[in-house]
Amino acid sequence: MDIKTISHMLGHTDAGFTMNTYMHVTDSMQQNVADTMGELLKSKKDENEEKIIKFPA
């Protein structure tokens, strides 16, 4: 369900109010985001390393 519809159905004029009232961040949610961002950054780093041309010294 999208927050805008839920907010409207609850009679709230601002979806931000609904989110601040009813949504809470858990440790597992934070860990999931950290893991996902880490994987995205790692894959981007690996992509960039493939483009580097290394010349012998």
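Mentor: Residues are numbered from 1 along each chain as its sequence is written. In this predicted model, local features need pLDDT of at least 70, side-chain atom pairs count only at pLDDT 80 or more, totals for chains, interfaces and linings use all residues, and side-chain values use heavy atoms, with hydrogens and water left out.

Trainee: Which pattern does the protein follow along the sequence?

Mentor: Helices (H or I, at least four residues) and strands (E, at least two) are DSSP runs, numbered from the N terminus. The protein has three helices and zero strands. Read along the sequence, the pattern is α-α-α.

Trainee: What percentage of the residues in the protein is buried?

Mentor: Buried means under 20% relative accessible area, exposed over 50%, and partly exposed in between (1.4 Å probe, protein chains only). Accessible areas come from the Shrake-Rupley method with a 1.4 Å probe; for residues, only the protein chains shown count as cover. The protein exposes about 5,500 Å², of which carbon and sulfur atoms supply 61%. Among its 57 residues, the buried share is 7%.

Trainee: Is S7 buried or exposed?

Mentor: S7 belongs to helix 1 (residues 3-9). Setting aside residues up to four places away in sequence, S7 touches H12, D14, A15 and T18, where contact means heavy atoms within 4.5 Å. Because its relative accessible area is 2%, S7 is classed as buried.

Trainee: Which residue has a side chain joined to that of H12 by a polar contact of 2.6 Å?

Mentor: H12 sits in the loop between helix 1 and helix 2 (15-22), and H12 is buried, with a relative accessible area of 19%. Beyond its neighbours within four places in sequence, H12 is in contact with S7, F17, T18 and Y22. A polar contact is a pair of N or O atoms within 3.5 Å; within protein, one must be able to donate a hydrogen and the other to accept it, and residues adjacent in sequence count only if both atoms are side-chain atoms. At 2.6 Å, the side-chain partner of H12 is T18.

Trainee: What distance separates the C-alpha atoms of I6 and T18?

Mentor: I6 is in helix 1 and counts as partly exposed, at 27% relative accessibility. Not counting residues up to four places away in sequence, I6 touches M1 and T18. I6 and T18 are 12 residues apart along the chain, and their C-alpha atoms are separated by 8.0 Å.

Trainee: Is Y22 buried or exposed?

Mentor: Y22 is found in helix 2. Apart from neighbours within four places in sequence, Y22 is in contact with L10 and H12. Since its relative accessibility is 52%, Y22 counts as exposed.
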